[in-house]
Each structure stands twice: as C-alpha cells, then as structure tokens.
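Work through the exercises below with the sequence and the model side by side. Try each task before reading its solution.

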Amino acid sequence: MYKINEIFETIQGEASFTGTPSIFLRLQGCPVGCAWCDTKQTWEVDNVYKVSLDDTVEKKADSDHWADASAEQIFNLFVDRAYRAKHVVITGGEPCMYDLNPVCELLHANGYSTQIETSGTFEILAPAQTWVTVSPKINMRGGYDVLTSTMQRADEIKHPIAMQKHVVELEELFAKTGVTPKLVYLQPISQKVSATKLAIETCIEKNWRLSVQVHKYLGIN
C-alpha cells in the first residue's frame with residue numbers, strides 16, 4: 001500500500017519534461033528535512049489525518065491528509081477520473097521510501113510513462129524504464145547521505161540553488177560519487193533574482209541547464 005498525499009493532472013514544470021501533460025502522484029512521508037521544501041505538509045504520516053483516496057484528488061489546498069492505496073486502486077482512479085495525460089510523476093515527500101516497482105510496472109503495462117523525483121537518499125526500487133530525477137539533498141538536517149547508487153541511476157540531476165556554496169556542494173558530490181551526469185539542471189530557489197542570476201551564469205559556464213519551475217510562473221499546481 002502507498003500513502004498518497006494528493007493526485008492531480010497538470011503540466012510538468014521542471015527539468016527535461018517541462019511542458020509535458022502529467023499526472024502527479026504525491027506520496028506522504030519524508031525524513032530528509034530540506035530547509036526550503038515547498039511540500040512540508042508531506043513530511044509526517046499521522047493516522048489522525050488519514051482520509052479516503054477520493055479526498056486526495058479533491059484537495060483545495062496543501063494539507064497533511066493522506067490515504068492508503070494499492071497500485072491497482074491508483075490506476076483505477078486514473079481511469080475513473082478520465083485523466084488524459086500519459087506521463088506520471090511520482091514525487092513526495094520522498095517516494096523512494098516505497099517499493100515503486102508494482103505501481104510503475106502496472107502503469108507501464110497500460111501505456112503510461114513514469115518519472116520519479118527523489119532526494120537521492122534512499123535506494124531506488126523501480127523499473128529500468130522509469131525516468132529518475134535526483135534532486136540531491138546535501139547536508140540536510142535529517143542526516144541522510146546522498147547515495148552513490150542513486151546518483152548512478154539518475155537520468156538527470158535537478159539541483160536547487162540560492163548561493164555559490166550550493167554549486168560547490170554539487171560539484172563535491174559529483175567528485176565523491178564519481179558520477180558525471182549528462183543532464184544537470186540548476187533550479188533557483190523561490191525564483192529569487194540573485195539565485196536566478198547565479199543559476200544562469202553557472203549554467204553558461206559549465207554547460208548545464210536551467211530549470212525555472214514554469215508551473216509557479218504560470219500560477220498552476
């Protein structure tokens with residue numbers, strides 16, 4: 001059973017799949033403790049806030065309410081809601097706290113593509129064809145290390161930055177893990193002007209790419 005915070009259909013606004021119609025499957029639970037996390041409502045799993053699966057689809061605002069659901073129930077909900085998108089983004093929270101093979105395999109068998117957005121601090125249990133976005137959470141208060149195995153598995157790195165030290169930390173992580181990803185996206189934290197300027201300058205210098213959270217500029221989920 002997966003613990004679901006919310007399910008919704010929208011446009012992916014970040015990194016390689018920017019602009020892609022997507023179904024977001026947000027899972028509950030994350031011990032990493034990222035200071036600038038914009039989904040802190042997903043951190044704790046409290047039975048007091050357990051609701052029905054339909055309630056996770058009908059949320060009007062962020063909340064820490066969650067529902068249990070099997071892979072089959074998730075897929076059936078997609079069908080019942082007549083979602084048109086065929087790309088599914090599994091995010092959180094920290095989705096890799098779960099074995100994602102059952103839900104990804106079921107979705108692949110029914111014509112969907114899947115993508116995981118992870119902090120890189122848990123082993124990735126997912127099919128080979130699942131696209132893995134690692135947003136490495138380095139030196140966070142939860143005390144979890146970014147795993148070499150997740151860095152090796154990553155199809156892209158998406159790194160939030162606000163200051164030069166975040167760029168240095170990323171380069172140190174590449175050196176430590178021995179991984180040189182082909183796709184590296186820098187994402188300015190909170191769309192701050194200084195962070196955006198730094199991201200642009202660094203992307204040009206290192207031939208990396210810029211991710212600007214298009215959905216936030218558009219005012220959509």
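Buried means under 20% relative accessible area, exposed over 50%, and partly exposed in between, with a 1.4 Å probe and protein chains only. This is a predicted model, in which local features need pLDDT of at least 70, side-chain atom pairs count only at pLDDT 80 or more, and totals for chains, interfaces and linings use all residues. Residues are numbered from 1 along each chain as its sequence is written, and side-chain values use heavy atoms, with hydrogens and water left out.

**Exercise 1. Classify asparagine 139 as buried or exposed, and state its phi.**

Step 1. Locate asparagine 139: the loop between strand 6 (131-134) and helix 4 (148-153). Helices (H or I, at least four residues) and strands (E, at least two) are DSSP runs, numbered from the N terminus.
Step 2. Read the accessibility. Asparagine 139 has 64%, so it counts as exposed.
Step 3. Read phi. It is near 60 degrees, a positive value in a residue other than glycine.

**Exercise 2. Describe the surroundings of threonine 42.**

Step 1. Threonine 42 lies in the loop between strand 2 (21-27) and helix 1 (53-57).
Step 2. With 0% relative accessibility, threonine 42 is buried.
Step 3. Find the side chain's partner. A polar atom of the threonine 42 side chain lies 2.7 Å from the backbone oxygen of threonine 39.
Step 4. List contacts (heavy atoms within 4.5 Å). Leaving out residues up to four places away in sequence, threonine 42 touches Asn5, Arg26, Leu27, Gln28, Gly29, Cys30, Gly92 and Gly93.
Step 5. Inspect the last pair. The peptide bond from glycine 92 to glycine 93 is cis, with omega near 10 degrees. Glycine 93 belongs to the loop between strand 4 (87-91) and helix 3.

**Exercise 3. At what angle do helix 2 and helix 3 pack, and which residues make the contact?**

Step 1. Helix 2 (residues 71-80) and helix 3 (residues 101-109) pack at about 40 degrees, with axes 9 Å apart. Axes are lines fitted to C-alpha atoms, for helices over the stretch in contact, and angles run from 0 to 180 degrees between N-to-C directions.
Step 2. Name the arrangement. Helix 2 and helix 3 are therefore oblique to each other. Angles under 35 degrees count as roughly parallel, over 145 as roughly antiparallel, 65 to 115 as roughly perpendicular, and the rest as oblique.
Step 3. List the contact. Helix 2 supplies Ala71, Glu72, Ile74, Phe75 and Phe78; helix 3 supplies Pro102, Val103, Leu106 and Leu107.

Terms used: A polar contact is a pair of N or O atoms within 3.5 Å; within protein, one must be able to donate a hydrogen and the other to accept it, and residues adjacent in sequence count only if both atoms are side-chain atoms.
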